[in-house]
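Please keep the sequence and the model in view while reading.

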Amino acid sequence: MLTAVDHVRLAAPPGSEERLRAHYVDVLGMTETPKPPALAVRGGCWFEAGSVRLHLGVEDGFRPSRKAHPGLRVTGIEAYAARLAGHGAPVTRDDGLPGHRRFHSEDPVGNRLEFLEPR
């Protein structure tokens, strides 16, 4: 029986870790989590905020996820959108999901991210 999502993994190009850290920590407000040594040699970085865990793994031939994305629930969605926009991240509002306020953005390597808050 499934009980929870442990983490979501997104891909990233080699050498992008510093840009990812700046975005996921400074812009999104997440905390970087150390990778186990056996996995750290592969590159990439892990982040968390509360029960949300995102793993960014290095992938040769990387192509950003333009349609696939994690849906990240937030509180204070307007303030959060303003925070991202203030850091230069794109904010595209979308009212297509009944009962929710939401917007899409992307990380510095082009992965799509959805942020939503129930009404």
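In helix α3, which spans residues 77–86, the buried residues are Ile-77, Tyr-80, Ala-81 and Leu-84. Buried here denotes under 20% relative accessible area, exposed over 50%, and partly exposed in between, with a 1.4 Å probe and protein chains only. Viewed down the axis of α3, these buried residues fall within an arc of 100°, so they line one face of the helix; the arc is that of the directions from the helix axis to the C-beta atoms. An α-helix has 3.6 residues a turn, so residues three or four places apart point the same way. Ala-79 and Gly-86, on the other side of α3, are exposed.

The model is predicted: local features need pLDDT of at least 70, side-chain atom pairs count only at pLDDT 80 or more, and totals for chains, interfaces and linings use all residues. Residues are numbered from 1 along each chain as its sequence is written, and side-chain values use heavy atoms, with hydrogens and water left out.

The cover over the buried residues of α3 includes α1 (17–27), β6 (92–93), β7 (100–106) and β8 (112–118). Helices (H or I, at least four residues) and strands (E, at least two) are DSSP runs, numbered from the N terminus. Just after α3, Gly-88 adopts a positive phi of about 85°.

Strand β4 (residues 52–58) runs parallel to β1 (residues 8–12), and five bridges join them; pairing requires that DSSP find at least two bridges between two strands. Ala-12 has Val-58 as its bridge partner in β4. Strand β3 (residues 45–49) is antiparallel to β4, also with five bridges, and Trp-46 is partnered there by His-55. The hairpin of β3 and β4 has two residues between the strands, and Gly-50 takes a positive phi near 60° in it.

Conventions. Contact means heavy atoms within 4.5 Å.
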